[in-house]
Structure formats: structure tokens, C-alpha cells
Amino acid sequence: MGRKGKRRRKSKPAATVSSAAPNEREPLEQETVAAEEGPKAPAVPTPRSELAPRDRPRGLFGRALGPESPYPPLGVSMARGLRPVAASPLILGVTFLYLLAVWGFFAAAGAEPPTGLLAILTALPPVPSLFDSLVLLQETSGAVASLVLVLGVTIVRALALAAIVPLVVQAVREGTVRPREALRGYFRRVLSLVGILSLEVALALLVFVLVQGFLGSQLAIFIVWLFGLQFLGMAPIVMVAEGAPSADSLRRSARAARLPGMRHFTLIIIYFFLLQIVTAAQGGAPFVATPTIPTWGFALFVSFVHVAVLGALAYRWLAVRERIPSGPAKRVPRERAGR
Amino acid sequence: MLALAPAAAAQPADDSWPTAGGDAAHTGVASGPEPPYRVAWEVETDDDDPIGAPVVVDGLVIVVTRESVMALSAGDGSEAWSVDREEGPAGAAVVLGETVAYAEGRDDGASLVAAGLADGAELWSFDLDDSASGPLAADADTVFVATSEGFVHAVDVETGDEDWTFEADGETLGAPAVADGLVYVSAARPSARAGTVYAIHAETGEEAWRFSPSGSALGFSSFAVAGDLAYVGTGDRTVRALGVEDGREVWSRVVRAPFGPRSMPAVPGDLVVGDVLGGVYRLGAADGEMAWDFRVPGSLLSGSPIVAGGFVVVGDDTGQASAIDLEEGLLVWKDVFGSARLEAPAADGDHVYLASRGGRVVALEHDPDAALLAEPSPTTLFPAKALLNFAAAAAALLVLLLLVFRVLLPAPREEAGG
């Protein structure tokens with residue numbers, strides 16, 4: 001493992017790096033088969049003590065001044081995420097329709113269409129999990145009605161992401177999109193994504209309620225967004241790329257967030273601040289239920305940015321996937337772990 | 001008889017608006033003028049902050065600013081008189097016959113002052129326990145003032161003597177309303193997250209009934225009373241109609257946002273109420289059924305809707321004044337008067353008066369040469385238009401992105417080849 005990391009660090013200059021995508025030798029077709037037959041990662045969890053020392057999770061956010069991060073640099077990740085997404089009419093089209101679908105769900109549900117926050121409707125999970133819950137709980141009276149609506153919008157998101165994430169992963173990995181291959185196992189992915197997104201909704205609401213009491217709702221939202229993106233942001237990618245079940249996807253996403261170095265956190269914090277800027281820019285505008293062309297245009301462009309960041313995360317996951325064990329953590333005696 | 005006298009006093013003469021909300025019951029209705037409007041006159045006061053809602057009696061517009069009380073001619077805005085006022089929260093004055101009453105000062109230095117309507121000369125002063133929480137109210141011979149300490153004082157307008165004091169559970173909010181021998185006031189205990197509305201006998205100060213809604217203690221409006229029902233907005237985003245006899249809830253209607261404490265519903269037959277997100281709603285007075293809702297750009301924290309000439313007139317905290325057709329819920333007129341918050345308007349048949357926190361007083365009159373608008377509420381969704389806009393924006397962005405990333409900045413060959 002350590003050798004592989006070194007080899008990547010010695011990779012060619014940026015333009016060439018982009019042609020040497022991680023795991024390029026493993027086409028999505030193989031992954032799809034793996035998804036159907038079970039996760040491709042080792043079936044037996046790797047004990048912590050058997051991981052190379054530099055790959056062991058280090059604290060909540062890795063270790064800032066420790067060994068170099070195994071993740072590719074920010075610029076390379078963004079370039080590798082952005083280009084295939086921006087050059088694919090299919091990915092762009094599905095992403096745009098995703099925005100329309102979520103907006104339409106809010107409008108059809110009788111909740112006031114969140115036109116002022118259109119641009120974050122398609123943000124990476126789990127950002128919308130909290131947003132959906134807060135808006136729908138505010139707009140509806142009755143716990144059952146609210147839960148039904150939250151579940152409804154979660155299903156809409158799962159239907160869209162089950163198409164977008166495999167397309168993005170394939171585009172990042174292979175530089176091209178083959179929809180038939182990418183969308184194989186679509187309905188299974190929808191079910192897994194409903195599981196992931198539902199867990200994220202529950203976690204987001206729980207943390208929000210706990211934190212809101214003493215830090216206020218605004219800070220609680222910040223914390224849910226930042227921690228959620230840091231630890232759970234890769235879960236849909238893990239689910240698609242590895243064919244992992246919901247719980248394992250969340251677990252491996254959290255493990256990936258704890259790899260040494262700050263590169264993952266840097267990408268997340270930049271994206272987090274982008275969300276703040278977008279929210280401030282559009283949230284203060286006068287409310288209009290029927291979005292205008294500029295309103296849609298801004299929201300669609302930001303949706304493109306969301307999916308480009310998804311591409312960057314997918315690229316990064318493919319770069320570190322072999323370092324992240326699957327399955328639950330195995331407890332080992334302290335002496336052994338220290339060796 | 002006791003019950004009849006205040007009710008008679010609650011109906012203003014057609015050319016007067018003697019208290020915030022138009023009359024003691026806050027029904028907020030004037031015979032005119034109708035929109036569209038144009039500026040008849042405009043006055044900049046010396047104070048640029050804050051200013052209370054105007055009241056109008058006998059051709060005089062009375063405005064309370066931070067450090068003065070001014071009487072302006074309703075005809076041309078010329079100053080009839082002006083007196084100094086001890087600095088404190090500015091709330092609307094109230095006029096009873098030849099007397100104008102206003103609150104001044106803050107905290108334990110606050111007091112209630114009565115002055116002659118003709119010249120502003122002080123008649124008497126009554127010490128208050130704390131700052132007034134909002135505009136004053138009055139029936140035939142008594143001034144009612146609620147203070148931030150949670151007390152409601154009834155003071156005889158002739159002598160300045162206190163008739164009674166009522167202590168509410170918490171801090172009182174907004175302006176008391178008076179109708180049919182009862183004084184209505186809201187109070188809140190934010191620490192306990194509890195709010196209560198009270199009906200108090202105007203004659204004795206004894207509690208007639210109380211009602212404690214669930215939900216947030218913040219976000220109560222002032223009361224308006226008409227017929228057998230008293231209307232109030234409560235912190236749980238709910239407009240409630242309570243029976244005046246016993247305070248039982250007759251109906252409730254959830255709206256989008258809570259209410260400003262100085263905001264009060266208008267009752268031009270149906271109920272018109274505004275919330276802090278700028279939502280204006282017309283609700284059935286008897287059943288709370290929503291006829292329409294409209295959203296103005298700014299908050300209605302203290303900009304209550306009023307009805308003039310059959311049109312809802314409202315000023316918001318962006319400085320925009322709007323007129324909405326009472327029947328259809330369409331915006332028929334709007335104009336912007338600076339960027340400071342507008343207080344609740346007043347109307348006297350000929351003019352609508354606006355006071356802005358920037359220290360500006362504006363009189364509007366009907367403009368026979370202008371045309372009415374017919375703009376739907378921004379809250380109205382037009383699905384077909386939304387889809388067309390979406391399609392246009394998506395197509396343009398798609399073409400742009402593909403042009404940039406496939407034509408101008410194509411991927412290296414080996415990458416594109418996969």
C-alpha cells in the first residue's frame with residue numbers, strides 16, 4: 001500500500017496525470033459486476049494494526065502536520081472532477097433535471113417553493129438532508145405529514161443520485177460515459193441511496209436539535225453541513241464504486257475522511273464556504289415563487305458546481321479506495337495496535 | 001351603558017385616525033383615498049430615527065419622533081406646533097377630544113404625558129414604571145398604556161390620575177386594544193417560552209379572561225376587535241379568533257411567519273393581517289378561511305395593514321408602500337419612500353399618511369391620472385412559466401458549458417479516448 005502511494009505521488013505533470021486516472025485499469029463494467037456480486041474490497045476487514053502506519057486514521061480530521069495526504073492535490077482533483085462532468089451532456093442534463101425535480105416536489109407538496117435557496121437544492125448530501133427536513137417541518141402541520149414529505153423528497157433525491165453518481169464515477173474513471181453500463185443495477189442503487197439519505201436525515205436532525213439548544217440554529221446548520229460533508233460526503237460514491245451496502249458506505253466514507261493530511265478537509269471547507277456564499281447571494285433576494293430565467297440560470301450553474309465537486313470526490317475516492325477497509329472496525333489490544 | 005360607550009368611541013369620524021389602528025378596537029378602516037397615489041406633501045423631521053405611526057385628528061397629523069412630538073397640517077404638511085420630548089421609544093400618540101397623549105422617556109424615567117391638541121402645551125404627566133411597549137390606546141375618557149415591565153395602566157384623561165393598574169405575567173407586547181368595555185393586551189415570558197393574551201375590564205382593571213397558546217412566546221401581534229371576536233396573531237405563526245365573552249378559540253389559521261408586536265390586523269368585514277416576512281393575508285372574519293395572500297418585499301414588523309377606500313395599504317421595512325385590491329389580492333400600486341422602515345399608515349379619507357424611521361412623513365393623495373397595476377403576488381406560482389424559464393436557462397447553460405469544455409478546452413486525446 002505504501003508503495004502505491006509513493007507511485008502516485010511521483011505521477012506525471014497535471015495534463016498527464018489526468019490521463020492516468022486512478023484504477024483506470026478497472027472499467028466500470030467490472031465494478032458493476034462487483035456491485036452485483038458484492039463489494040470488491042476485501043471481504044475480511046483489515047485490522048487497524050495491519051494497515052500501513054501512514055494510512056491509519058489519525059484523529060477526527062486526520063493529522064494536519066503528519067505524513068503527506070494520500071489524496072491527490074486539490075487542483076488535480078477539481079480538474080479531474082470538472083472536465084468529464086462539464087463535457088458530458090448526459091450528466092449535465094440529468095443534473096439539471098434533478099434540480100427541477102426537487103423544486104417541483106416542494107411546489108407540488110404545497111410547501112412554498114424554496115426559490116431563494118434553489119441553488120443549494122442539489123448540494124451534495126448530506127447538506128440537503130437538513131434543509132429538506134427544516135423546510136418541510138416548517139411548512140406542514142403534523143408529524144406524519146412532515147415525515148411522509150421528507151421521505152418523498154428523499155426518494156426523489158435517491159432516484160436522481162442513483163443515475164448521477166454512477167455516471168460521474170464512470171466519467172471520472174474512464175473519461176467517457178456509457179449510460180447503459182453506468183445505470184446497470186439502478187434500482188438496487190436507489191434502495192441503497194434511500195437508506196444512506198434516510199440515515200443522513202436522521203443524523204442531521206439529531207445533531208441539529210442537540211446543537212441548536214446551546215449554539216443557536218444558524219451555527220447548528222453550519223456544524224451539520226461541515227461535519228456531514230466531511231464524514232459522509234463520499235458515501236454515495238462508495239456505494240456506487242464499490243457496490244457497498246448503505247451502512248458500509250457511510251462507514252468507509254467516514255474512514256476516508258480520517259486519512260492523514262488535510263487535503264480532504266481543505267476541499268470540504270472550500271465547498272462549505274461556497275455554499276455559504278451561494279446561500280447569502282440568493283437567500284437575500286426578494287421572494288418570487290416562479291423562478292425567472294436568471295434565477296434558474298444561477299441555480300443551474302451552481303448545480304453544475306455541485307456535481308463537479310462530486311466528480312472531484314469521486315476521483316479522490318478512486319485514488320484512496322484500496323487504503324480504506326470495509327466492514328466494521330475490529331477491536332485489537334492496545335499493545336498490538338501500537339506495534 | 002358601560003359597554004356601549006367605548007364601542008361608540010371606537011368608531012372614528014370619517015376624517016380622523018385618532019390612534020394606531022384607526023380606532024380603539026384597531027379595525028383599521030378609512031373611507032379613502034383610493035389608489036393610485038401621488039405625493040401630496042412631504043416633511044423631513046429633525047430626527048432621523050425612530051418615529052411612531054402617525055395619527056390624524058381635526059386636520060392635524062401628530063407624529064412622535066425620538067425627541068419631539070409634532071403636529072403637521074394635514075393639508076400641506078406645515079408645522080402647527082412641536083414640543084420637545086424626553087428621548088425614548090417612539091410609539092403612536094392617541095387623541096381624545098382636545099387632548100393628545102403620548103409616552104416619553106425610557107426605563108424608570110418613562111412617563112405618560114397629556115398635551116393640548118391645539119398647541120401641544122403639557123396638561124399633566126404620569127410616571128410609568130418602564131418604557132411604553134408600543135402605541136397608546138384610549139376609550140371615551142381613559143388612556144391605556146402597557147409597559148415593558150408587564151403593567152397596563154389606565155389613566156383618567158381629564159386629571160391624569162390612575163384609575164387602575166393590571167399586572168400581566170411577563171412583558172407586555174404592542175398596543176392595547178379597547179372594545180365593548182374590555183382592554184386586550186398580549187404578554188410574553190421569553191425565558192419560559194410562554195405567551196398569554198388577556199382581556200381586562202376597562203372599568204375596573206380586573207381580568208375577564210386569558211388565553212395561552214402553545215408555541216413560541218415571541219411573535220405576537222396587537223389585537224383587533226370586531227363584533228363578537230377578538231383577533232390576534234400568536235408566536236406559533238397562527239392567527240386566532242377568540243370569543244370576546246370568554247376567550248375561547250373560535251378559529252385559528254396558520255400563516256407563513258410570526259408577527260410584529262406593533263402590527264395589528266385590520267377588519268374591513270374580513271380580516272387582513274400582515275406577518276414579519278411581508279405576508280399579507282385576507283382571512284374570513286367568521287371562519288378564518290383564506291381568500292388570498294400577498295407578499296410585499298419587506299417585513300411588516302410594525303407596518304400594520306390598513307384599508308383605505310376598499311384597498312389594503314401597507315408600508316414595509318424596505319421603505320416600500322403598497323396597495324392591494326381587497327377583493328382580488330392583486331397589487332394595484334407601489335412606491336418606495338427611502339430605505340428606512342415604514343410604520344403603520346394612517347388615513348383620513350383624503351390622504352394616506354406614512355412615517356418612516358428615516359424621519360420622513362409623507363401624505364399621499366389619489367392620483368386621477370395614473371393607472372392601477374394588476375400584479376399577482378410573488379407567492380403565486382405559474383408552473384408553465386417556471387418550466388419555460390427553466391428550459392431556456394438550462395439550454396443556454398448546457399450550450400455554454402459544452403462549448404467551453406468540448407470546443408474551447410477539449411480534453412487531451414488519451415483522456416477523451418478513455
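**Notebook: salt bridges and a nonpolar patch**

I began with Arg240(B), which forms a salt bridge with Asp236(B), their closest N and O atoms lying 3.1 Å apart. I kept in mind that this is a predicted model. Is Arg240(B) buried or exposed? I found 9% relative accessibility, so Arg240(B) counts as buried, the cut-off being under 20%.

Next I looked up Arg256(B). Its salt-bridge partner is Asp293(B), with 2.8 Å between the closest N and O atoms. I placed Arg256(B) in the loop between strand S22 (249–254) and strand S23 (271–274) of chain B, and Asp293(B) in strand S25 (residues 290–295), so this pair ties together parts 37 residues apart in sequence.

Then I turned to chain A. There I noted one network, in which salt bridges that share partners join Glu174(A), Arg178(A) and Glu181(A).

Arg360(B) is in strand S32 (residues 360–366) and Glu42(B) in strand S2 (residues 37–44), so the pair links parts that are 318 residues apart in sequence. Glu42(B) has 38% relative accessibility, so I wrote it down as partly exposed.

How many salt bridges are there over all chains? I noted a count of 21.

Last, I visited the surface. Leu403(B), Val407(B), Leu408(B) and Leu409(B) make a nonpolar patch of about 390 Å². I picked out Val407(B), which sits in helix H2 (residues 383–408) of chain B. Val407(B) counts as exposed because its relative accessibility is 55%, and exposed means over 50%.

Terms used. Residues numbered from 1 in each chain as written. Chains lettered and ligands numbered in written order. Predicted model: local features only at pLDDT ≥ 70, side-chain atom pairs only at ≥ 80, totals over all residues. Heavy atoms only, no water. Patch = residues over 30% accessible without salt bridge, like charges linked within 9 Å, V, L, I, M, F, W, Y side chains within 5 Å. Areas by Shrake-Rupley, 256 points an atom, 1.4 Å probe, with all protein chains shown as cover. Salt bridge = Lys/Arg side-chain N within 4 Å of Asp/Glu carboxyl O. Helix = DSSP H or I, 4+ residues; strand = E, 2+ residues; numbered from the N terminus. Buried < 20%, exposed > 50% of the residue type's maximum accessible area, 1.4 Å probe, protein only.
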